[in-house]
Amino acid sequence: MKVLVAVKRVIDYNVKPRVKMDGTGVDLTNVKMSMNPFDEIAVEEAIRLKEKGIATEIVAVSIGPAKAQETLRTALAMGADRAILVQTDEEVEPLAVAKIVAKVADEEQPQLIILGKQAIDDDNNATGQMLAALLGWPQGTFTSKLDPSGGEVSVTREVDGGLETDRLKLPAVITTDLRLNEPRYASLPNIMKAKSKPLATKTPEEIGVDIKRRLETLKVTEPAKRQAGDKVGSVDELVGKLKALGVVA
Amino acid sequence: MKTLVYVEHEGGQIKDATLAAVTAAAKLGEVHALVAGSNVGAVADAATKIAGVGKVHVADGAHLDHGLAENVAPVAAKLMETHDAFVAPATTTGKNIAPRVAALLDVMQISEILSVEDENTFTRPIYAGNAIATVRSSDAKKVLTVRGTAFEKAAREGGSGSVENVDVGSDAGSSSFVNLEESKSDRPELTSAKVIVSGGRAFGSSEQFHALLDPLADKLGAAVGASRAAVDAGYAPNDYQVGQTGKIVAPEVYIAIGISGAIQHLAGMKDSKVIVAINKDEEAPIFQVADVGLVGDLFKIVPELTGKL
């Protein structure tokens, strides 16, 4: 089966985001950017399905600026077969991303679309669910285990109460959680090989999706800062503090 | 504005997160509720009693059991023809269903709101809570998820809503529930606990994690949480995880033990009233947000602390 994975170029996981002085957003100039960690897990899972002989082709898609090509090259170096960049310098909201990926899915006809459960920049946790709704497909969100067989996929999901297992009919949309797998690092030979893998570029207009934003960001501020308190020197002092705070009698 | 709050329930009980969603919805206008599930009569009755809730729309059908998004979302979307805002708790249940409803309505969801500024304007955390965005929606209808720690819980008693049975839709036939492996615990739930003791990778093993933290939690009547590193290492189950992509908590007291304080972890607990940190590394970032810190070996400190409480 064909597997489609969606990847997003975001601020690197290890970078502390800084709010711009003018309150218009987070400063991304000269900041290290990487593939969204949950999307790396999505790519890794697709590759593992291919290694098991379940997936036959992996297509990676990204929506973003020209530089998102780097993110797609990373996916190709990890093991995706080809890539599609839907290029725009606009900030694209999950609803529009879902519409674009749905159009790509119409053309590519994958049996499985795997996405990260959320992007670590806008923290929306919405694109996969929206995509599933638009396609009329079932969704397996926050997935920590995935097992496709016989026209169905069994998904184990990390929910608030524990682990929920559902069975979905293919085609289906999957969003990944942290424990699904540990993504591999691309090897140097594979990074070289990825440079010659096909990468097609399109625009949202060509695909026929209106990406006009529905949410206008009026301002972005820093959250209230906590002040570091005191360090105590012993457990007795700590117990004293806890008593003073009324935590213990 | 007429709102429709998605009532999250389990085992016939309404979850606390729903009550925070009711409070958020009340800031927008009239509060209606949607109770979807199988044999949910008792839940519907309980929902009519929540302070501030008017009409309770009840969709009772076998295919709505376990809140399968494929079956619940169309029911909610249908009801949205006569409502202006769909409001769900930002729990795994709410996050699973709300975006699906939003897409059916062609609306961009506003995720994890922290406040309602006016009926179009909301604040929400981005970048793991390192920034707070104020956003204005131009959609005619709104779909919101509500961060439970940011709103007071509506009272479970005092309301006098009415019940109305609604179209239950049909089984999409594309998904089915198999089972829920519940992590059973006699301790309070993480998201509603007054005190949380939370452990990191420094515990070294699942055995030590539980041998040290469980007695301390029992002494304090606390819930037990964990950092991502501890969950990844298998010391604690997934539903213990506190952080950007785990649970968001804001207890009276959060005691972080052997947790360095990565931004992703801080995102999940920095709104706690009092933060206590125990860590052997005095440079650990957790101390920058802690009200009380103790530098030292947790293997000595935790048993001593438990003994002295």
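## Strand β5 of chain B

In this predicted model, B:Ala36 has B:Ala59 in β5(B) as its bridge partner. Residue numbers start from 1 along each chain as its sequence is written, and chains are lettered from A and ligands numbered from 1 in the order in which they are written. The model being predicted, local features need pLDDT of at least 70 and side-chain atom pairs count only at pLDDT 80 or more, while totals for chains, interfaces and linings use all residues.

Strand β4 (residues 30-37) of chain B runs parallel to β5(B), and six bridges join them. Strands here are DSSP runs of E with at least two residues, helices are runs of H or I with at least four, and both are numbered from the N terminus. Two strands pair if DSSP finds at least two bridges between them. From β4(B) the chain passes through helix α2 (residues 41-49) of chain B to β5(B), a right-handed β-α-β crossover (clockwise from the first strand over the helix to the second, with the strands pointing away from the viewer).

β5(B) is also joined to strand β12 (residues 162-165) of chain B, in parallel, by four bridges; B:Val58 has B:Asn165 as its bridge partner there. Six of the eight residues of β5 (residues 53-60) of chain B are buried, that is, with 20 or more other C-beta atoms within 10 Å of their own, where 12 or fewer means exposed and values in between partly exposed, with C-beta atoms placed from the backbone.

## Contact between the chains

The contact takes 63 residues from chain A and 69 residues from chain B, a contact being two C-beta atoms, placed from the backbone, within 7 Å. The chain B side that touches chain A divides into 34 nonpolar, 20 polar and 15 charged residues. Nonpolar covers Ala, Val, Leu, Ile, Met, Phe, Trp, Tyr, Cys and Pro; charged covers Asp, Glu, Lys and Arg; the others, Gly among them, are polar.

Strand β9 (residues 162-169) of chain A pairs with strand β13 (residues 175-182) of chain B in the antiparallel sense over seven bridges. In this pair, A:Glu164 has B:Leu180 as its bridge partner.

## A sheet with strands from both chains

An open sheet of four strands has the order β12(A)-β10(B)-β9(B)-β8(B), with antiparallel pairing. β12 (215-221) of chain A and β8 (115-118) of chain B stand at the edges with a single partner strand each, so one side of each is left without a neighbour in the sheet.

β12(A) and strand β10 (residues 131-137) of chain B pair over six bridges, and A:Leu215 stands opposite B:Ser137.
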